[in-house]
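Let's take a walk through this structure together. Keep the model open beside you and click along as we go.

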Amino acid sequence: MPINSPDIFCYSIVVEPEASIASNDKFDAIGDIVPIAGVNCKTGFQSGILDEFPGASAGFSLRRLTKNYLGPCIKVQKQGGSTLDIGFDQDGNLDTASMLTFAGATGTLDIDTWYDQSGNGYNLTQPELSKQPAIVLGGKLQLANGKPCVDFNDSGQNHLLNTGELMTGAGMCHVLQTRCESFIASGGFMFIVDQSGPDFGGAVHINDSETQISFARFNSQFVANNSSASALNYSTVVSNFVSGGSSIRVNDTVSTDSETFSGSGNTGETFFMGGDSNTANRFFDGIIQEYIYYNEPQTDLDGLRDNLNAYYNTF
């Protein structure tokens with residue numbers, strides 16, 4: 001059995017010597033390898049949220065989301081230009097030790113690539129160093145509630161993107177761990193998710209005038225809102241879109257408010273994290289630790305929320 005098998009158990013090796021063994025003889029016959037009853041030597045990461053809730057179209061996190069993903073978590077870039085892929089430790093957490101060693105005592109590391117753990121290849125990238133969000137500043141790991149986070153600065157127009165076609169379903173579900181630092185005067189976008197034109201897309205929008213976080217489906221008949229100041233706080237958010245039954249869970253509060261929404265999205269096929277790709281002054285100011293996108297509405301919304309809360313200890 002390979003040593004990296006997910007089903008490694010403790011075994012005893014039964015050694016069967018010949019009938020008589022002198023002091024200078026060797027054991028030359030090995031019998032059965034027998035599992036020790038009731039003992040399991042599994043340690044570290046076993047499964048993640050995408051194993052419990054499969055079918056995601058894209059998944060980005062600073063923790064490992066599934067046992068099926070064996071690639072790196074992020075690619076970080078120094079101010080001097082050198083890059084390094086950062087993976088996970090044995091418990092499925094971000095390998096911060098390797099990252100901080102690479103940064104050095106006073107170094108800054110930005111996110112060049114945030115890898116998609118869904119298996120669908122929607123990696124988010126930013127080739128321009130000045131527009132990359134940060135994860136280490138001055139040798140200090142950026143944290144939110146004790147966990148690593150990606151820091152988006154609206155004044156720097158920090159964003160990551162993928163030009164592929166992500167949204168293809170009639171419904172959708174966003175799963176998000178975030179904090180909004182401030183509301184921007186003109187309103188800021190956390191995500192733009194478009195398919196192939198203005199009539200089929202969606203957005204996560206921070207609205208300053210109503211102090212709300214909105215999950216909108218372009219040219220659709222519903223938008224779910226959290227109309228409270230808690231949108232500024234460190235939050236676990238699950239937003240589900242299904243005709244006639246949309247809802248948002250923000251921590252332990254459930255909102256089912258909806259209204260007609262007739263806005264339009266961008267033209268072109270773009271998944272844009274951190275702002276609105278068509279408007280230079282509407283970028284997100286805050287942190288993101290995890291974002292999972294489903295092309296179909298999900299049923300166990302409390303389960304999704306509780307999985308994040310158990311890890312991030314939000315509420």
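Let's start with the rings: there are two aromatic pairs in the structure, where Phe, Tyr and Trp rings (the six-membered ring for Trp) pair if their centres lie within 6.5 Å, and planes under 30 degrees apart count as stacked, over 60 as edge-to-face and the rest as tilted. F60 and W114 make an edge-to-face pair, with 6.3 Å from centre to centre and 65° between the planes. This pair ties together distant parts of the chain, since F60 belongs to strand β3 (residues 58-61) and W114 to strand β6, 54 residues apart. F60 is buried at a relative accessible area of 0%, and W114 is buried at 0% too; buried means under 20% relative accessible area, exposed over 50%, and partly exposed in between (1.4 Å probe, protein chains only). The rings of Y311 and Y312 have centres 4.8 Å apart and planes at 85°, so they are edge-to-face. Y312 is buried, with a relative accessible area of 2%.

A word on what you're looking at. This is a predicted model, in which local features need pLDDT of at least 70 and side-chain atom pairs count only at pLDDT 80 or more, while totals for chains, interfaces and linings use all residues. Residues are numbered from 1 along each chain as its sequence is written, and side-chain values use heavy atoms, with hydrogens and water left out.

Now zoom out. The protein has three helices and 23 strands, taken as DSSP runs numbered from the N terminus (helices are H or I with at least four residues, strands are E with at least two). Of its 315 residues, 48% are buried. Contact means heavy atoms within 4.5 Å, and among contacts between residues at least 6 apart in sequence, 67% join residues at least 24 apart.

Next, follow some strands. Two strands pair if DSSP finds at least two bridges between them. Strand β4 (residues 74-78) pairs with strand β5 (residues 83-86) in the antiparallel sense over four bridges, and I74 has I86 as its bridge partner in β5. The two strands form a hairpin with four residues between them, and G81 in the turn has a positive phi of about 115°. β4 also runs antiparallel to strand β6 (residues 109-114), joined to it by five bridges, with K78 standing opposite L109. The charged end of K78 sits over the ring of F102, 4.4 Å from its centre; that label applies if NZ of Lys or CZ of Arg is within 6 Å of the ring centre and within 35 degrees of the ring normal. Back at the tyrosines, K147 lies over the face of Y311, 4.1 Å from the ring centre.

From β6, move on to β8, which pairs with β6 in the antiparallel sense over two bridges. Here V136 is the bridge partner of L109. V136 also stands opposite L141 in β9, where β8 and strand β9 (residues 140-141) pair in the antiparallel sense over two bridges. The hairpin of β8 and β9 has two residues between the strands, and G138 takes a positive phi near 60°.

Which residues have the most contacts inside the largest nonpolar core? They are F60, I74, V76, M99, W114, I135 and M273, in a core of 38 residues. Such a core is a set of buried Ala, Val, Leu, Ile, Met, Phe, Trp, Tyr and Cys residues joined through side-chain atoms within 4.5 Å. A second, separate core has 18 residues, including V175, I292, L301 and L304. Look at I135, in strand β8 (residues 134-137): I135 counts as buried because its relative accessibility is 0%. Leaving out residues up to four places away in sequence, I135 touches, among others, I74, V76, M99 and C149. I135 and T108 are 27 residues apart in sequence and 7.8 Å apart in space, C-alpha to C-alpha.

Finally, the cysteines. C73 counts as buried at 0% relative accessibility, and C173 is buried with a relative accessible area of 0%.
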